[in-house]
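The sequence and the structure are shown first.

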Amino acid sequence: MKLSLKMKKALNDQIGLEANASNSYLAMASWCEVTGYEGAASYFYAQSDEERTHMLKIVHYLNDMGGPATIPATGTPSSSYKSLETLIKTALKNEQLVTKAIHKMVEISQKDKDHSTYAFLEWFVNEQVQEETKFETLLQKFDLIGRDKLAINEIDKLLATQTTAEEPTA
Ligand code: FEO
């Protein structure tokens, strides 16, 4: 079955969102690295790689479905942050935007009776629940553990332990 023009455009736009997310997490990782947050740096480097795999999933799907996928330019991500907490808040906001866009695509696929894309998007719907929960849980840590230097160090260590444990399963 052929993708509708609307679906094709939405999937192509999503390639841009995932590419921007990858770039933005790369910038966050780099900021963490130079700021001395080793755990957070490795966490966000991995997160950046993960977003690239999301982007690739969509590129391949679009091409398999007659595409073509178009690779967009990406914006320049912010290169500095007030604090690790601000950085994670920005990450959560970004994921919330991505979730909205994915839900929009699900609605388009339902309207189009496009079962292939609907099934393809299911993985992304679940992934977004995990990603948002991940950042929300991390943000709670600042309330629970604190915001002084020792507390931030604890949170940074926690991020180091989560770097590989959070890899996507699909
Ligand atoms: Fe691929 Fe984190 O959205």
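A residue is called buried under 20% relative accessible area, exposed over 50%, and partly exposed in between. By this convention Lys-157, at 47% relative accessibility, is partly exposed. The model under discussion is predicted.

**Packing of helix 1 against helix 4**

Helix 1 spans residues 5-35 and helix 4 spans residues 115-145; their axes come within 14 Å and cross at roughly 30°. Angles under 35 degrees count as roughly parallel, and helix 1 is therefore roughly parallel to helix 4. The crossing of helix 1 with helix 4 is left-handed. Helix 1 contributes Met-7, Leu-11, Glu-18 and Tyr-25 to the contact, while helix 4 contributes Thr-117, Phe-120, Phe-124 and Phe-135. Sorted by class, the contact between helix 1 and helix 4 comprises six nonpolar residues, one polar residue and one charged residue.

**Salt bridges**

The structure contains six salt bridges.

| Residue pair | N to O distance |
|---|---|
| Glu-85 and Arg-147 | 2.8 Å |
| Lys-134 and Glu-131 | 3.6 Å |
| Glu-154 and Lys-157 | 3.3 Å |

Which parts of the chain does the pair Glu-85 and Arg-147 link? Glu-85 belongs to helix 3 (residues 84-111), whereas Arg-147 is found in the loop between helix 4 and helix 5 (149-162). These two residues are 62 residues apart, and the pair thus links distant parts of the chain. Glu-85 is buried, with a relative accessible area of 14%. Arg-147, in turn, is partly exposed, its relative accessible area being 47%.

The pair Lys-134 and Glu-131 lies within helix 4, with the residues three apart, or about one turn of the helix. Are these two side chains buried or exposed? Lys-134 has a relative accessible area of 9% and is therefore buried. Glu-131 is buried as well, with a relative accessible area of 1%.

Glu-154 and Lys-157 are both located in helix 5, where three residues, about one turn of the helix, separate their positions. Glu-154 has 40% relative accessibility, so this residue counts as partly exposed. Lys-157 also counts as partly exposed, at 47% relative accessibility.

Shared partners join some of the salt bridges into one network, whose members are Glu-85, Lys-89, Asp-143 and Arg-147. The Glu-85 to Arg-147 bridge, with its N to O distance of 2.8 Å, connects two members of this network.

**Backbone geometry in the loops**

Two backbone features remain to be described. Where in the chain is the cis peptide bond? This bond joins Gly-67 and Pro-68, with omega at about -5°. Pro-68 lies in the loop between helix 2 (38-64) and helix 3.

The other feature concerns Lys-113, a residue other than glycine whose phi is positive, near 55°. Lys-113 sits in the loop between helix 3 and helix 4. With a relative accessible area of 62%, Lys-113 is exposed, because the cut-off for that class is over 50%.

How values were computed: Residues numbered from 1 in each chain as written. Predicted model: local features only at pLDDT ≥ 70, side-chain atom pairs only at ≥ 80, totals over all residues. Heavy atoms only, no water. Axes fitted to C-alpha atoms, helices over the stretch in contact; angles between N-to-C directions. Helix = DSSP H or I, 4+ residues; strand = E, 2+ residues; numbered from the N terminus. Parallel < 35°, antiparallel > 145°, perpendicular 65-115°, else oblique. Left-handed = near helix turned anticlockwise from the far one by under 90°. Contact = heavy atoms within 4.5 Å. Nonpolar A, V, L, I, M, F, W, Y, C, P; charged D, E, K, R; others polar. Salt bridge = Lys/Arg side-chain N within 4 Å of Asp/Glu carboxyl O. Buried < 20%, exposed > 50% of the residue type's maximum accessible area, 1.4 Å probe, protein only.
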